[in-house]
Amino acid sequence: MHRILRKAFAVLPVAASLHAPPALAELIDDIVIEPLEAGTRVRLRLTGAVRYIRDYASADGKTVNVYLQILAPENLPSGPPPDEVKQSPRSSPTPRFTVRISLDPRCDAAPNPVCMVIQFERAVRSRSRLGEDRRSLLLDLESEGKSDTPATGGKP
C-alpha cells in the first residue's frame, strides 16, 4: 500500500505541471556587451520584433526611458503581465545597470507598448536605437572622459 502511495505522490508534481498555465514569456532574451572604438554597445536581445517609438534620458544621465511597440501582439500573454527586471552582466565594462520592462497598456498611448527604464549606477552618455533585426535595442555608451555633458537620448 505504501509503495502505491509513494508512486502516486511521485507522479503528482508532473501531472500538476502539465495542467498548470504556461509561464509568462520574458521579453529580454539576452544582454550582450560589445566593445566599440569609442565606447561600448549594450545589446538587449528581445524575444519578438518591435517598432521603435522614442526615448529620452534623465538630466543626470543615470536613467534612459525607451518606448517600443510589439509587432506581434498575438504572442503576448493574456491578462496583466508583471514587470520584467534584468541586471547587466557582472563582468561588464559598462557601469552596472538594471532594465525594467512594463507591458502595461497605460505606460504609452501606442498599441501594445513596451516601456523600458534603464537605470545606470552612474551617469552615462548614450544613444539608443533599434537593431537591424528589429529584435534588438542598441545602447551605444561613450567612453568616460569623451564628453562633459550628461546622457541624451537619440533617434534611430
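What follows is a tour with a few stops, each starting with something to select.

Before clicking, know that this is a predicted model, where local features need pLDDT of at least 70, side-chain atom pairs count only at pLDDT 80 or more, and totals for chains, interfaces and linings use all residues. Residues are numbered from 1 along each chain as its sequence is written, and side-chain values use heavy atoms, with hydrogens and water left out.

Select residues 50–57, which are strand β3, and 84–87, which are β5. Strands here are DSSP runs of E, at least two residues long, numbered from the N terminus. Both belong to an open sheet of five strands, ordered β3-β4-β7-β6-β5 with antiparallel pairing. β3 and β5 are the edges: each has a single partner strand, so one side of each lacks a neighbour in the sheet. From one strand to the next, the twist averages 20° (axes are lines fitted to C-alpha atoms, and angles run from 0 to 180 degrees between N-to-C directions). Two strands count as paired if DSSP finds at least two bridges between them. In general, strands of a sheet pair through backbone hydrogen bonds, either parallel or antiparallel.

**Stop two: the disulfide**

Select C107 and C115. They form a disulfide, with sulfur atoms 2.0 Å apart; the term means a pair of cysteine sulfur atoms within 2.5 Å. A search of the whole structure finds one disulfide. The torsion about its S-S bond is about 85°, so the C107–C115 link is right-handed. Is C115 buried or exposed? C115 is buried, at 8% relative accessibility, while C107 is partly exposed, at 24%. Buried means under 20% relative accessible area, exposed over 50%, and partly exposed in between, using a 1.4 Å probe and protein chains only.

**Stop three: T40**

Go to T40, in strand β2 (residues 39–46). This residue is buried, with a relative accessible area of 13%. Which residues does T40 touch, leaving aside neighbours within four places in sequence? Show I33, E34, P93, T94, L139, D140 and L141; contact means heavy atoms within 4.5 Å.

**Last stop: A59**

Finish at A59, in the loop between β3 and β4 (63–70). A59 is exposed, at 73% relative accessibility.

Notes:
Helices (H or I, at least four residues) and strands (E, at least two) are DSSP runs, numbered from the N terminus.
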